[in-house]
Amino acid sequence: MGRAAEERRAELIKLYRELQDCHDCPLAATRTNVVFGSGNADADLMFVGEAPGFHEDQQGKPFVGAAGKLLDKLLAEIGLEREQDAFIANVLMCRPPGNRDPEPEEIEECKPYLMQKIRLIEPRVICTLGNFATKCITGRPEGITRAHGRPQERVIEGLPLVIFPLFHPAAGLRSGAVLTQLRDDFQKLPELIATARPKAAAPPAPPAAGPPEPAMMAAEPPQLGLFG
């Protein structure tokens, strides 16, 4: 903690480049793109999903399909925007064939890289989306139905932060009841972020942008966008 945001962002970009040709697990043989993550590299808020789907695999960015559009809408309802106010990643960086569930060995292979992202971004709040992300980050067997909407104070990678489990947006697309609960849980986020561990003051940075390499757009961004 306490390292300059630009220094951490530079390390995050270095990690991104190192992982573009990652072949550490069998999923490398069937993927189209590594989906590293995208958003503000110094975000107070981080989302962790399960694994890339078809559209994510094609574009190299997380949450770009229907579930991603719902995530954007839920963020907008609380006055936030993904590229400015959050960093979004998954437990796995490669799409499992047929969108099957991640295998335990695949999770173990990718988890150290997820932990590195958390260490470099230094979020105040991590929202885990669905069962796999919640169990991976919390280390508990408790499922999302019981865990959702209940903040958990943790120390991860030496960082005191709040884990806030949420239903996966894809589940909200399938069930109106889940969508209502997801929307209710999202309403708690602004206060959670405001009351979580304060960050050291840092000089203003240019606005965030998306990917310049296949995973995000390039340009001169407003916040600490990963590739801006």
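So, strands β2 (residues 45–49) and β3 (residues 86–90) run parallel, and five bridges join them. Gly-49 sits opposite Asn-90 in β3. When I say strand, I mean a DSSP run of E with at least two residues, and a helix is a run of H or I with at least four, both numbered from the N terminus. Two strands count as paired if DSSP finds at least two bridges between them. And a quick reminder: strands of a sheet pair through backbone hydrogen bonds, either parallel or antiparallel.

Before I go on, this is a predicted model, where local features need pLDDT of at least 70, side-chain atom pairs count only at pLDDT 80 or more, and totals for chains, interfaces and linings use all residues. Residues are numbered from 1 along each chain as its sequence is written, and side-chain values use heavy atoms, with hydrogens and water left out.

Okay, the whole sheet. This one is open, has six strands in the order β1-β3-β2-β4-β6-β5, and its pairing is mixed. At the edges you find β1 (38–39) and β5 (152–156); each has a single partner strand, so one side of each has no neighbour in the sheet.

Now the core. A nonpolar core here is a set of buried Ala, Val, Leu, Ile, Met, Phe, Trp, Tyr and Cys residues joined through side-chain atoms within 4.5 Å. Buried means under 20% relative accessible area, exposed means over 50%, and partly exposed is in between, using a 1.4 Å probe and protein chains only. The largest nonpolar core has 35 residues, and the ones touching the most other members are Phe-36, Met-46, Phe-87, Val-91, Leu-114 and Ile-118. Which elements give two or more residues to this core? They are α1, β2, β3, α5, α6 (131–138) and β6 (159–166). The largest share, eight residues, comes from α5.

Helix α5 (residues 104–121) also turns up at the largest cavity, where it gives the most to the lining, with three residues. A cavity is worked out on a 1 Å grid over the protein atoms alone, as a set of points where a 1.4 Å probe fits but cannot get out, and lining residues have an atom within 4 Å of a point. Grid points are joined across faces, edges and corners, and the volume is the space filled by probe spheres set on the points. Searching the whole structure gives one cavity of 30 Å³ or more, and the largest cavity comes to about 70 Å³. Its lining includes Cys-22, Cys-25, Cys-94 and Cys-110. By class that lining has eight nonpolar, no polar and three charged residues; Ala, Val, Leu, Ile, Met, Phe, Trp, Tyr, Cys and Pro count as nonpolar, Asp, Glu, Lys and Arg as charged, and the others, Gly among them, as polar.

Last topic, salt bridges. How many salt bridges does the structure hold? There are 14, each being a side-chain nitrogen of Lys or Arg within 4 Å of a carboxyl oxygen of Asp or Glu. Glu-106 pairs with Arg-100, with the closest N and O atoms 2.7 Å apart; Glu-106 is buried at 5%, while Arg-100 is partly exposed at 28%. Over in helix α1 (residues 5–19), Glu-6 and Arg-9 are three residues apart, about one helical turn, and their side chains meet in a salt bridge at 3.6 Å, N to O. Arg-9 is buried at 11%, whereas Glu-6 is partly exposed at 44%. Finally, Arg-3, Glu-7 and Glu-11 are linked in a network of salt bridges.

Definitions and conventions:
1 Å grid on protein atoms, 1.4 Å probe; cavity = no way out; pocket = protein on both sides within 12 Å on 5 of 7 lines; lining within 4 Å.
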